[in-house]
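Colleague: I am new to reading protein models. Could you take me through one, feature by feature?

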Amino acid sequence: MNATFAVVKRELASNKMSFILTVLVVLCATTSGDSAIALSNGNYTWLLAAMSPFFFVFYVYPKLMYLGTSKKDFYAGSLVCYGFLALLVSLANTTIHLIFDPLNHTQTVMNLMDLCGWMENGAFIAFLQQGIFLFLTMTFLHVLLSMQSHWYGWLTDGILVAMICIFTPIASLRQLLVGFFQIIMLNSNAFLHIGVCALLSTGLSIIGLVVLKRKTL
Amino acid sequence: MIELSGVTKQYRQTAVLKDVSLTISEPGIYCLLGRNGAGKTTLLKSIAGYQNISYGEIRVNNQLITTATLDTGVSYIENFAKHFHLPVKKLLHIAGEVNPNYDFAFATEMMERFELDGKKKFHHLSLGMKTMVSTIICLASNKNVILLDEPVLGFDAIMRVEFYNMLSESFQKHPRIILVSTHIIEEITKTIQKLIILDKGRIRFFDTLQAVEKQAYSISGLKSDVEAATKNLNVIGQDSVGGLVTSYIFDTPPKQIASLEIHPLTLQDFFIQMVGHRGGIRK
């Protein structure tokens with residue numbers, strides 16, 4: 001357990017660049033005053049969730065291995081870290097949405113939490129829905145990035161790109177894609193949303209373990 | 001305990017390890033010798049579970065080792081190991097946090113003995129110092145099996161002597177299997193118990209240094225005399241200059257004959273004869 005938390009500590013410490021960039025973007029991002037709609041700066045907190053897996057997979061993993069970390073501790077530590085970061089990002093965005101977004105009286109402020117319909121369930125449930133969705137995103141990225149040094153990683157990339165290219169122009173298939181995102185993201189049914197995201201995260205975590213078991217150094 | 005059974009590693013059509021079978025059952029310091037490209041690093045990385053083999057089986061303490069083994073109980077370090085760009089002291093501390101049986105006292109003592117500046121960041125160290133940090137981390141991990149790949153690369157003569165002392169002290173403190181690959185043959189003889197010679201992906205020799213001292217020798221003399229004396233012996237190499245012949249033997253020494261000169265082989269000469277090469281030309 002101590003080794004797992006040591007991994008969490010090291011991953012967070014090695015993720016400074018993601019923190020700095022996210023904070024800079026959140027603080028500096030602006031929307032034109034002429035526009036009727038302004039994007040909430042809280043949306044940009046999601047950047048941290050998008051960047052962290054890159055650092056963990058490509059930078060932290062080999063270094064921790066050379067320090068003698070077991071793969072088991074690395075993976076457990078990474079999942080704990082994603083959970084922590086998901087809650088942290090969700091808390092930051094929820095706080096910004098509740099406290100800072102209402103300060104803009106001249107424009108309609110759009111926050112992803114509104115767009116996804118999560119705020120219909122109240123701030124706390126929305127915070128949880130956002131957290132589980134971000135955890136799913138980070139787990140997905142971790143698995144996808146871990147595969148990149150193998151042929152099946154490139155195959156997965158190809159399938160994902162092909163799916164988007166084929167599904168988008170064909171109406172019936174597009175509906176399928178839309179339906180999928182309506183379940184995992186644009187979903188105001190908190191119970192269904194959290195359940196599906198938790199299920200997918202568990203599935204991805206198992207796939208991630210299989211990928212890690214094939215990972216060389 | 002390390003058990004290798006029929007281990008073969010292929011990169012496309014090229015076999016780097018060819019049907020290697022080896023059992024290391026006793027704790028000790030073992031030296032892995034081999035020419036460049038003999039397969040030493042591949043062998044060590046495979047035992048550490050850092051890469052998969054094509055055929056065969058590797059077991060460490062009866063646990064099957066593949067990349068799928070999440071906790072191998074093996075500590076492996078190579079000389080170009082990448083570490084966090086952090087001060088040495090901090091690096092040794094993190095290594096202690098992620099290794100449950102880490103010996104902090106040993107790591108700190110070694111850091112002081114090798115005059116490693118604890119405040120200096122890893123990337124600012126010389127090659128020798130970087131290798132030393134990696135080696136200290138590996139030895140202090142106290143895992144059951146320690147694999148050191150070219151640990152003395154970039155070391156000056158004094159550092160090498162200190163390193164061999166460190167290796168012996170670490171082993172005396174925590175007896176376990178320590179496998180060291182190196183090219184600097186003679187210096188390590190005082191430290192090791194057994195020698196493994198790997199040539200072109202195959203194990204050519206696995207025995208004690210005493211066996212080399214007792215059984216490895218050269219016989220020089222007239223061709224007919226040498227041939228008669230070495231008739232039923234294991235000849236590992238031969239040189240000839242004019243009518244004089246020198247045969248290199250790994251076998252029970254014959255009785256001294258007046259017309260023949262018999263000399264023990266140095267470890268380096270034994271190694272050269274075993275791998276069967278000289279000056280890049282196969283004899």
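Colleague: Is B:K173 buried, partly exposed or exposed?

Modeller: Start with the cut-offs: buried means under 20% relative accessible area, exposed over 50%, and partly exposed in between, with a 1.4 Å probe and protein chains only. B:K173 has a relative accessible area of 43%, so B:K173 is partly exposed. Some ground rules come next. This is a predicted model, in which local features need pLDDT of at least 70 and side-chain atom pairs count only at pLDDT 80 or more, while totals for chains, interfaces and linings use all residues. Residues are numbered from 1 along each chain as its sequence is written, chains are lettered from A and ligands numbered from 1 in the order in which they are written, and side-chain values use heavy atoms, with hydrogens and water left out.

Colleague: Which residue forms a salt bridge with B:K173?

Modeller: A salt bridge is a side-chain nitrogen of Lys or Arg within 4 Å of a carboxyl oxygen of Asp or Glu. Here the partner is B:D103, with the closest N and O atoms 3.1 Å apart. The pair links distant parts of the chain, 70 residues apart: B:D103 is in the loop between α2 (88–98) and α3 (104–113) of chain B, and B:K173 is in helix α5 (residues 157–173) of chain B. The relative accessible area of B:D103 is 11%, so B:D103 is buried.

Colleague: What counts as a helix or a strand?

Modeller: Both are DSSP runs, numbered from the N terminus: helices are H or I with at least four residues, strands are E with at least two. Chain B has nine helices and 16 strands.

Colleague: Which residue forms a salt bridge with B:E169?

Modeller: B:R113 does, and their closest N and O atoms are 2.5 Å apart. B:E169 lies in helix α5 of chain B and B:R113 in helix α3 of chain B, so the pair ties together parts 56 residues apart in sequence. Salt bridges that share partners join B:E109, B:R113, B:E162 and B:E169 into one network. B:E169 is partly exposed at 31% relative accessible area. B:R113 is also partly exposed, at 27%.

Colleague: How many salt bridges are there over all chains?

Modeller: A search of the whole structure finds eight. One of them joins the side chains of B:E57 and B:R59, at 2.9 Å from N to O. B:E57 is partly exposed, with a relative accessible area of 32%. For B:R59 the value is 26%, again partly exposed.

Colleague: Now sheets. What is the strand order in the sheet that holds β4 of chain B?

Modeller: Two strands pair if DSSP finds at least two bridges between them. This open sheet has four strands in the order β2-β1-β4-β5 (chain B), with antiparallel pairing. Its edges are β2 (14–24) and β5 (63–64) of chain B; each has a single partner strand, so one side of each is left without a neighbour in the sheet. Strand β4 (residues 55–60) of chain B pairs with β5(B) over two bridges, in the antiparallel sense. There, B:R59 stands opposite B:L64 in β5(B).

Colleague: What is the strand order in the sheet that holds β11 of chain B?

Modeller: That open sheet of four strands runs β12-β13-β11-β14 (chain B), with antiparallel pairing. β12 (235–241) and β14 (261–264) of chain B are the edge strands, and each pairs on one side only. Strands β11 (residues 216–222) and β13 (residues 244–250) of chain B pair in the antiparallel sense over seven bridges. In β13(B), B:S247 is the bridge partner of B:I219.

Colleague: Which helix packs on this sheet?

Modeller: Contact means heavy atoms within 4.5 Å. Helix α9 (residues 267–275) of chain B packs on the sheet and touches β11, β12 and β13 of chain B.

Colleague: Is B:T67 buried or exposed?

Modeller: B:T67 has 2% relative accessibility, so B:T67 counts as buried. B:T67 lies in the loop between β5 and β6 (74–78) of chain B. Leaving out residues up to four places away in sequence, B:T67 touches residues of both chains, including A:K71, A:R214, B:Y50 and B:N52.

Colleague: And how much of chain B is buried?

Modeller: Buried residues make up 52% of its 283 residues.

Note on methods. Axes fitted to C-alpha atoms, helices over the stretch in contact; angles between N-to-C directions.
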